[in-house]
Amino acid sequence: MTSMQVIGTGLGRTGTMSMKLALEELGFSPCHHMKETSNHPDRNHHFRAILQDVESEEAIKAIFEGFKATVDQPGNMFYQTFMKLNPKAKVILTVRDSPESWARSARNTIFSCNNTSGWIPSNIKRLFWDFFEPPQIQLVHKIMADTKFHGVDPNDPKTDLAQMYTDWNKRVIETVPAEKLLIFNVKEGWKPLCDFLGVPVPDTPFPRVNSTANFKEMVGAHVKKKMGVLLLKFVLVVSIGAGAAVLLTHFG
């Protein structure tokens, strides 16, 4: 896998969806993001192989084959493997204004089971999450908990998300050569990103997408769709049962 030119190491909720769009506009397309796990379901079984062996280069290559860049989970976890396979690639660590602001955003979106506020107990939230969350995302979160990566479960209410964010960023900064690394807040816009990548600054505004409100709207649509499918299955089962009962009564 020698096509990876830009390696995003920032955690989800650091503007990674905006970065995906920005990198693709700059010519580093396609760029992998967590959403690609839904667009390429045929590759998701490789996450089970990684769960068994987090250093499985074969599985990592199979998931990211053909991508010129990657941001967000799950790609950020494998940045050292990508650097080994693509020595000329540049690395970008996207960050938020503070660890606390990242934790607040993550707790309200991608790691909602970590949120202990509200009237719903954490264990009930976890059951709901296990039922509605796509299986490949659940696998990615399990991989994140491996000691090679974060060593903690981000959905566990006992996990200090701000500390997890701080530890991860520190690790990236300590393991990536300074000349290959850009620490970047999407609020900075095009110039520092383009200067680092050696490409012209576009005339278009820097992408700004996937706010907390946008994320919740997307999740809500997913839940409604799944509930609709369940309701349809329930109606079909009831209808078949009722029809069978009528036939038994008539011919029995």
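Predicted model: local features only at pLDDT ≥ 70, side-chain atom pairs only at ≥ 80, totals over all residues.

The protein chain has 252 residues, and 45% of them count as buried.

**The chain as a whole**
- Take the contacts between residues at least 6 apart in sequence: 72% of them link residues at least 24 apart.

**Lysine 20**
- You'll find lysine 20 in helix α1, which covers residues 16-25.
- Lysine 20 has a relative accessible area of 5%, so it counts as buried, the cut-off being under 20%.
- Leaving aside residues up to four places away in sequence, lysine 20 touches Cys31, His33, Lys35, Glu36 and Val71.

**Aromatic rings**
- There are 8 aromatic pairs in the structure.
- In the pair of tryptophan 102 and phenylalanine 111, the ring centres are 6.3 Å apart; the planes meet at 65°, so this pair is edge-to-face, a label for angles over 60 degrees.
- Both partners are tucked away: tryptophan 102 is buried with a relative accessible area of 0%, and phenylalanine 111 is buried at 1%.
- Phe64, Phe78, Phe82 and Phe149 together make up one aromatic cluster.

**A charge over a ring**
- Lysine 90 has its charged end over the ring of phenylalanine 196, 5.2 Å from the ring's centre.

Key. Residues numbered from 1 in each chain as written. Heavy atoms only, no water. Helix = DSSP H or I, 4+ residues; strand = E, 2+ residues; numbered from the N terminus. Buried < 20%, exposed > 50% of the residue type's maximum accessible area, 1.4 Å probe, protein only. Contact = heavy atoms within 4.5 Å. Phe/Tyr/Trp six-rings, centres within 6.5 Å; stacked < 30°, edge-to-face > 60°. Lys NZ or Arg CZ within 6 Å of the ring centre and 35° of its normal.
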